[in-house]
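Let's take a walk through this model together. Have the sequence and the 3D view open side by side.

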Amino acid sequence: MRFMKPFAGKNLLSIGLYPKIVLVFMAAIVPILIVGSLLIVNGEKTLRREIENSLSSRVHFYTAELSTALEHIVDLKREYIFDEDIQRFTTMSPVMTDYERSVEVRAIQKKIQTLKSSSAYIEDAALFLASEQKIIRPNRIAYTITPEDAAIHELMNRKAAPILVWHGKLVQAERFPTGTYEDELPAYWLVITLNERKIKSILSRMLTENGGNAILSGLESDWLLSGDDSNDRFQRLMTEMPQSHPEASGRNVTTVDKRDYIAAYERSAELGFALTLYMPEELVLKPLSGYQWWFRILIATAVVIVLLFAYWIYLFLQRPLQRLVRAFRKVSEGSFDVQLKSRSRDEIDYFYEQFNRMVGTIQSLIRDVYEQGLRSQRAELKHLQAQINPHFLYNAYYRLHRMAQDEDTDSVKRYTRLLGDYLKYITRNGREEATLKMEADHARTYADILKMRFRDKLSIEWEELPEDEENRLVPKLIVQPIVENAFVHGLEELDGRGVLRFSVARDAVSGTLSLVVEDNGNLLSDDKLAALAERLQSSAEDIETTGVLNVHRRLALKFGPEFGLRISRSELGGMRVDIRLPAEERG
């Protein structure tokens with residue numbers, strides 16, 4: 001509400017966004033409420049939908065009940081037609097004695113009796129044995145198959161429907177072996193007569209209104225059963241609806257003899273029948289005829305209101321939001337010179353003002369964070385460089401003392417010169433970077449000191465740098481700590497002759513330069529090697545910093561995370577460390 005007070009007395013375009021939305025909703029709802037009140041006063045009801053839903057529900061329920069019963073009969077029919085006892089009898093009958101044949105026939109008759117009693121929808125069942133000229137029924141056995149009995153095969157050849165009309169009865173039939181028979185008969189066939197009285201009783205239970213009826217009909221319109229005694233012509237006209245609609249179920253208003261009926265149907269293609277339920281329309285819809293015009297007015301009014309409401313929302317909300325989204329996209333792409341202005345004094349103007357302030361704040365924060373990051377990187381580089389401690393000096397001075405005792409003047413001169421060069425380089429703090437040649441020479445100086453210390457126990461293989469890479473600038477102390485690590489953790493405790501190798505490799509595609517330091521130490525297991533490689537990839541701040549991690553972190557800070565150190569197993573048997581440097585840009 002605090003946005004509304006400054007705008008009192010202004011025109012409609014200047015009031016707040018919330019009152020605009022309220023006015024728009026009121027403009028949409030008030031006409032609907034007025035029309036709805038008129039409909040309520042006149043007693044409008046939605047009986048048509050309720051009646052149609054009721055019909056559809058009843059049709060679906062009874063269709064499911066009938067389908068379940070008839071599917072059960074189909075399953076029984078298939079079970080009996082492939083019965084092993086029946087098949088064995090038809091096959092072995094010629095070699096059976098009369099007694100054995102009589103026993104088998106009685107056993108089959110019991111099966112037929114069981115089939116008949118297994119469902120209330122089965123009125124009778126008969127098994128026709130062509131080879132024996134017998135018709136086995138639940139309560140009798142006939143010893144002659146007449147041409148009229150065999151005529152069912154002509155009917156089965158013409159129609160593939162699950163339910164057939166034979167001798168004025170609804171039956172399900174199956175023969176063995178399956179197929180089409182013209183001039184000959186199958187080994188046997190089974191005919192199940194459906195209980196029409198039971199089906200009609202189900203249909204009569206569906207009738208609740210005077211004038212309505214339920215009809216069960218074949219999909220080929222060759223048979224029908226109804227729940228009352230309506231005339232046959234009328235019933236067949238009503239069953240045309242399931243035949244004329246492609247949907248498996250539906251409801252519709254159909255006209256028969258100039259009278260409208262609300263009807264619902266559902267088909268079962270598998271069982272070949274359709275169930276139709278109908279009732280006269282005037283019984284339920286006559287009181288609603290006067291309200292149809294009100295309903296049309298309601299629809300027309302709702303359409304007009306929705307169109308006006310959508311246009312109103314577009315004017316006062318959609319356009320400003322689109323401008324705001326476009327501005328956010330520019331900011332996300334790095335453009336911070338975006339400024340938004342609104343013509344009206346409302347919440348949109350407030351959003352724009354806050355957006356402009358946010359962009360200005362982000363610009364200030366980016367500058368502060370960038371400058372602070374630069375200062376932090378420089379401080380960390382100096383701190384990391386200060387951590388490198390030439391701990392080997394103790395052993396170096398001890399070795400110098402021994403050479404002096406042995407009066408080996410030449411070795412003392414060379415050793416002190418190497419040691420002086422080494423100390424001079426690491427104590428020079430004026431610059432944070434050095435040329436790659438200076439780094440390689442310093443590492444070679446350190447390696448020569450180790451060589452003089454261990455003499456024949458250490459072999460050094462040192463490859464010279466390419467001339468075009470000698471003068472490139474790199475962070476100080478990135479090679480010597482790796483050489484020192486190779487000696488301390490790989491060669492110092494080695495029983496045999498140690499090998500320290502320095503080589504240079506360049507990727508032909510990316511131009512990445514790799515300085516490779518390898519040794520033949522045997523103290524580093526695969527687990528330790530994997531753990532060290534994992535530590536290099538860790539960004540944890542509290543991890544203990546060693547010489548190798550020191551170098552890797554400084555190179556990653558300088559050149560990016562894709563550069564630095566890569567650790568693997570050397571072909572010499574020890575550890576291999578690749579110092580990866582980016583390709584140098586050349587003018």
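In what order do the 6 strands form the open sheet? It runs β3-β2-β1-β6-β5-β4, with antiparallel pairing. Helices (H or I, at least four residues) and strands (E, at least two) are DSSP runs, numbered from the N terminus, and two strands pair if DSSP finds at least two bridges between them. At the edges sit β3 (141-142) and β4 (164-166), each pairing on one side only. Before going on, note that this is a predicted model: local features need pLDDT of at least 70, side-chain atom pairs count only at pLDDT 80 or more, and totals for chains, interfaces and linings use all residues. Residues are numbered from 1 along each chain as its sequence is written, and side-chain values use heavy atoms, leaving out hydrogens and water.

Strand β2 (residues 134-136) joins β3 in the antiparallel sense over 2 bridges, and Ile135 stands opposite Ala142 in β3. Helix α4 (residues 98-117) packs on the sheet, touching β1 (122-129), β2, β3 and β6 (188-194); contact here means heavy atoms within 4.5 Å.

Next, find His153 in helix α6 (residues 152-158). Is His153 buried or exposed? His153 is buried because its relative accessibility is 3%, and buried means under 20% relative accessible area, exposed over 50%, partly exposed in between (1.4 Å probe, protein chains only). Leaving aside residues up to four places away in sequence, His153 touches Arg175, Tyr181, Leu185, Pro186 and Trp189.

Key
Axes fitted to C-alpha atoms, helices over the stretch in contact; angles between N-to-C directions.
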